[in-house]
Structures are given as structure tokens and as C-alpha cells.
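Here are a few notes to go with the model. Have a look at it first, then read on.

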Amino acid sequence: LNTMEEFLTTYYSLTDKIGVALIEWARPKDWPVSPTESWPLTDFRTAFTIALGYLAFVFIGRTIMPFLPAIPGLYPFKFLYNIAQVMLCSYMCIESAVQAYNS
């Protein structure tokens with residue numbers, strides 16, 4: 001348990017240092033602090049941990065999937081999923097263009 005606490009302490013300090021360095025590099029001088037800075041899941045540590053978890057999931061999935069059989073009958077679901085994605089992405093693109101035009 002002690003080594004896990006040491007690992008987490010080291011991980012937290014490393015990711016916090018990287019996050020502060022990135023914010024200092026990216027934020028212009030005299031720029032106000034973000035109002036969402038104190039919200040949950042908005043710190044660099046959480047974002048980095050989620051990204052690492054995603055990459056681990058992809059790596060493990062790509063390693064395991066070739067050994068598993070294909071699931072038949074998924075084409076209709078894939079087709080509907082792709083249509084839904086195109087519609088949602090189109091809506092978000094149009095909505096962002098309207099918001100940009102109005103402001």
C-alpha cells in the first residue's frame with residue numbers, strides 16, 4: 001500500500017507540474033483565470049489520466065481483438081450509428097457557425 005501511495009503522489013505531482021507549465025505557456029499575459037478552473041474533471045491530472053486510460057483500452061483491445069470471432073449481423077447497427085454521427089456532427093458544426101456569426 002505504501003508503494004501505491006508513493007506512486008500516486010509522484011504521479012499527481014508530475015501531472016500537476018506539467019498542467020501548470022502548459023497553462024502558463026498557453027495563457028496570454030493578463031488573461032483572467034478560467035471560471036471553470038475549480039470544476040470537477042477540469043484539471044490536467046484528470047484529463048491526462050482519462051487519455052492514458054483510453055490509450056490503454058485501445059492498446060489492449062487491439063491486442064485481444066484478432067483472437068476473438070467476428071460478431072455477425074452488426075451492419076444495420078453500424079449503418080445507423082454512422083448516420084447518427086453525421087447528423088450530430090453536422091448539427092454541431094452548423095450550431096457553432098451560427099454562434100460564431102451571432103457573436
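1. Let's start with one side chain: is Phe48 buried, partly exposed or exposed? Phe48 has a relative accessible area of 31%, and because buried means under 20% and exposed means over 50%, Phe48 counts as partly exposed. You'll find Phe48 in helix 2. If you skip the neighbours within four places in sequence, Phe48 is in contact with Tyr11 and Thr15. Trp25 is another matter: Phe48 and Trp25 sit 23 residues apart in sequence, and their C-alpha atoms are 17 Å apart in space.

2. Keep in mind that this is a predicted model. The protein chain has an average pLDDT of 93, and 99% of the residues score at least 70. Confidence is lowest in helix 1, with a mean of 93, and highest in helix 3, at 97.

3. Now for the largest pocket, which has a volume of about 350 Å³. It's lined by 14 residues, and the closest to its centre are Gly19, Ile23, Glu37, Thr42 and Phe44. Helix 1 (2–26) and helix 2 (44–64) are the elements that each give two or more residues to the lining. Helix 1 gives the most, with 6 residues. By type, the lining splits into 4 nonpolar, 4 polar and 6 charged residues.

Notes:
Residues numbered from 1 in each chain as written. Predicted model: local features only at pLDDT ≥ 70, side-chain atom pairs only at ≥ 80, totals over all residues. Heavy atoms only, no water. 1 Å grid on protein atoms, 1.4 Å probe; cavity = no way out; pocket = protein on both sides within 12 Å on 5 of 7 lines; lining within 4 Å. Points joined across faces, edges and corners; volume = space filled by probe spheres on them. Helix = DSSP H or I, 4+ residues; strand = E, 2+ residues; numbered from the N terminus. Nonpolar A, V, L, I, M, F, W, Y, C, P; charged D, E, K, R; others polar. pLDDT = per-residue confidence, 0-100. Buried < 20%, exposed > 50% of the residue type's maximum accessible area, 1.4 Å probe, protein only. Contact = heavy atoms within 4.5 Å.
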